[in-house]
Amino acid sequence: MTDVKKSTRRAFMGLASAGGLLTLTGCDKLISTPWFMNVIDSAEALSRSVQRAITGSRPVAREYAESDISENFRQNGTTNPQNASYQTMVANGFADWYLEVGGLVDKPLKLSLAALRQLPARTQITRHDCVEGWSDIAKWTGAKLSAVLDIAGVKPEARYVMFFCADPMGMNGNYYESIDIPGAYQPQTILAYEINDQTLPVAHGAPIRLRYETQLGYKQAKYIMRIELVDSYAKFGRGKGGFWEDQGYEWYAGI
Ligand SMILES: Nc1nc2c(c(=O)[nH]1)N[C@H]1C(S)=C(S)[C@@H](COP(=O)(O)O)O[C@H]1N2
Ligand SMILES: [Mo]
């Protein structure tokens, strides 16, 4: 094993025990999965900063103070999905909603909102940048996507996390998005269930929406119903990895 590999592995083990992952999954088990060794291998080819992001040692998007929070965080895109199944879930406070996690995982999951709220969480004050030319700052709280993925067990051949949403987009099927595995493991990548200490309202994506703070607004999928681990996003929609990507926007929407 190279020094880089050893030190990355050490850093991860430190983080895992500090963050309580040990009790969640069994650190040794996680570290010896072919998936994790694959990540370490590919990490060697990446820049140092990306490597840090993978091992989760620091936040990668700027975080703000409480006093910077926007008075009125805009609502954009779908603000109230007009399909009967979603409206039924709203009517009973998402008691029957669950997040489905499937595809290239060892253990497909169904997580209720209560179960998601039990997972390791993160709160962060960040700026949302929409390509339409506006930005707003909010405080987001949610389950770490890495925690969900660790429970499901990501298979080595998985390369992307797909997010399938409740809102229909005309003839194009429902809104959907995708991010890569290193992005999914960034510490700021969360499935947010609160905005500014309040339960996430319908307008902002209830019951959960993605916060992927290093990228633009359209990556922040609202109304998430299902997560799927895949090796390619070519077979979904028009094959570009997301609803707006299919209309011509970049898949890599770095800020
Ligand atoms: N499901 C879904 N997610 C979505 C959208 C959408 O229309 N449907 N719009 C995207 C765009 S372009 C932006 S800018 C943000 C808006 O989030 P907000 O309503 O919380 O401001 O959500 C993103 N996620
Ligand atoms: Mo946007």
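A residue counts as near a molecule if one of its heavy atoms lies within 4 Å of that molecule. The model is predicted.

Select ligand 1 and the residues around it. The ligand is surrounded by 21 residues, and the closest are Arg74, Asn76, Asp167, His204 and Lys222. Colour this shell by residue class: nine residues are nonpolar, eight are polar and four are charged.

Next, show the strands. Strand S3 (121-130) and strand S5 (160-168) each contribute at least two residues to the shell around ligand 1.

Now turn to the oxygen atoms of ligand 1. Which part of Arg74 lies 2.7 Å from one of them? It is a backbone N or O atom of Arg74. Asn76 also places a backbone N or O atom by a ligand oxygen, at 2.8 Å. For Lys222, select the side chain: an N or O atom there is 2.6 Å from an oxygen atom of ligand 1. Ligand 1 taken alone exposes 530 Å², and the protein buries 98% of that area.

Ligand 1 sits in the second largest pocket.

Last, select Gly254, in the segment after helix H10 (243-246). Is Gly254 buried, exposed or partly exposed? Its relative accessible area is 34%, so Gly254 is partly exposed, since that class runs between 20% and 50%.

Definitions and conventions:
Residues numbered from 1 in each chain as written. Chains lettered and ligands numbered in written order. Predicted model: local features only at pLDDT ≥ 70, side-chain atom pairs only at ≥ 80, totals over all residues. Heavy atoms only, no water. Polar contact = N/O pair within 3.5 Å; in protein donor to acceptor, adjacent residues only side chain to side chain. Areas by Shrake-Rupley, 256 points an atom, 1.4 Å probe, with all protein chains shown as cover. 1 Å grid on protein atoms, 1.4 Å probe; cavity = no way out; pocket = protein on both sides within 12 Å on 5 of 7 lines; lining within 4 Å. Sits in = over half its atoms within 2 Å of the grid points. Helix = DSSP H or I, 4+ residues; strand = E, 2+ residues; numbered from the N terminus. Nonpolar A, V, L, I, M, F, W, Y, C, P; charged D, E, K, R; others polar. Buried < 20%, exposed > 50% of the residue type's maximum accessible area, 1.4 Å probe, protein only.
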